[in-house]
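Here is a briefing on one protein chain. Keep the sequence and the 3D view open while reading.

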Amino acid sequence: MPGIVDTAPERRRPLIVDVRPNSLDDGPGIRTTVFFKGCPLACVWCHNPEAIRSGPEIAFLEKDCIACGECMPVCVPKALGRGPAVAFDRALCNSCGACAELCPTGALKQVGRYWEIDELLPHLLRDLPFYRNSGGGVTLSGGEATMFPRYVEELLRRLKEAGIHTLVETCGLFRLETFRERLLPHLDQIYYDVKFIDEALHERYTGRPNRVILQNLEALAGLAPGRVLPRVPLIPGLTADLDNLRAIGGYLRHLGFAEARLLPYNPLWAEKAVSVGRESGYRHEGWLSREEQAACESAFFGALCG
Ligand code: SF4
Ligand code: SF4
């Protein structure tokens, strides 16, 4: 239902898709980024489509299958059949993961597993000297980490106790009260994505209206000044529309933001979407041209900076 935030996953244990060390793109300095599985949006261009569903799933990349047949005997519901490569019937698969454990090439992969915080923390603390020397830390990304406030609150609290800089990348669709009381006290920085100003376009291309997202951003501009960095993903033909960028830039200026970022389009997400059966129909081959990028920057920063 529009405007209602689904908090059901809070009662479930969050799955984590990846824990990626040495990240230079997810905040200041050298960072480790934790990708949570589950998101209230389903953007047609999602760069991490394997992180949209909160439950476990199997990714299958046909091009990596050598048809060795190792996987088939262990599949109880018979979701794997013979063909030139394995024929994978996602509708029959129960995500048990038995096949992925045997697949020698990684063509079949289990996406998402639960980490106890006591298990996850040592991985995050391993690079403490690099964080300290570079001004880095830990970034929670996804998917949408704020869908799991109980787990994330505990994780952030323990990271702060260890003196680590914390950052969350969010789509902005969360219960403000929960975010403010449980997560904000333990966050040094918030990267906050804004996609469209027009509500109908937002709903058409992300699956949800943007009313709560914009209300939350307006609230955070007052609650956490200096800690929120708005970001706009540049999606050719969708968000990278000059009128949309001018509208977002002007809106952010009105809220008092002097700094914001444009995120470059990366076409490499498409193969991941196929592997988890999430082809959305949106396609744009290749990157934005230098001229297109420059026009987007001019429209957006012109409106943001006046
Ligand atoms: S995850 Fe389990 S049910 Fe799904 S294809 Fe693999 S073995 Fe079969
Ligand atoms: S185990 Fe992997 S490589 Fe072998 S047939 Fe199954 S999917 Fe293909």
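Predicted model: local features only at pLDDT ≥ 70, side-chain atom pairs only at ≥ 80, totals over all residues.

Residues are numbered from 1 along each chain as its sequence is written, chains are lettered from A and ligands numbered from 1 in the order in which they are written, and side-chain values use heavy atoms, with hydrogens and water left out. The chain is assigned a domain 1 (8-54 + 112-305) and a domain 2 (57-111). These bounds come from an automatic or database domain assignment.

**Domain interface**

- The C-alpha centres of domain 1 and domain 2 are 31 Å apart.
- Contact (heavy atoms within 4.5 Å) links 9 residues of domain 1 with 9 residues of domain 2.
- The two domains bury about 790 Å² between them, and carbon and sulfur atoms account for 50% of it. In domain 1, the most area is lost to domain 2 by E271, S275 and V276, together 53% of what that side buries.
- Buried area here is the accessible area (1.4 Å probe) that two parts lose on being put together, summed over both. Interface size is often given in this way, as the accessible area lost when the parts come together.

**Charged and polar links between the domains**

- There are 3 salt bridges between domain 1 and domain 2. A salt bridge is a side-chain nitrogen of Lys or Arg within 4 Å of a carboxyl oxygen of Asp or Glu.
- K63 forms a salt bridge with E271, and their closest N and O atoms are 3.9 Å apart.
- On the side of domain 1 that touches domain 2, the classes are 2 nonpolar, 3 polar and 4 charged residues.
- A polar contact is a pair of N or O atoms within 3.5 Å; within protein, one must be able to donate a hydrogen and the other to accept it, and residues adjacent in sequence count only if both atoms are side-chain atoms.
- Ala, Val, Leu, Ile, Met, Phe, Trp, Tyr, Cys and Pro count as nonpolar, Asp, Glu, Lys and Arg as charged, and the others, Gly among them, as polar.

**Backbone features**

- G142 and G143 are joined by a cis peptide bond, with omega about 5°. G143 sits in the loop between β7 (137-141) and α4 (149-161).
- Helices (H or I, at least four residues) and strands (E, at least two) are DSSP runs, numbered from the N terminus.
- A67 is not a glycine, yet its phi is positive, near 55°. A67 lies in the loop between β3 (57-60) and β4 (80-81). A67 is partly exposed, at 32% relative accessibility.
- K78, also not a glycine, has a positive phi of about 60°. K78 is in the loop between β3 and β4. K78 is exposed, at 64%.
- For relative accessible area, buried means under 20%, exposed over 50%, and partly exposed in between (1.4 Å probe, protein chains only).

**Two residues of helix α7**

- N216 belongs to helix α7 (residues 211-223). N216 counts as buried because its relative accessibility is 4%.
- A polar atom of the N216 side chain lies 2.8 Å from the backbone oxygen of F174.
- Leaving out residues up to four places away in sequence, N216 touches G172, F174, L176 and Y192.
- L214 is in helix α7 as well. L214 is buried, at 12% relative accessibility.
- L214 and Y251 are 37 residues apart in sequence and 9.8 Å apart in space, C-alpha to C-alpha.
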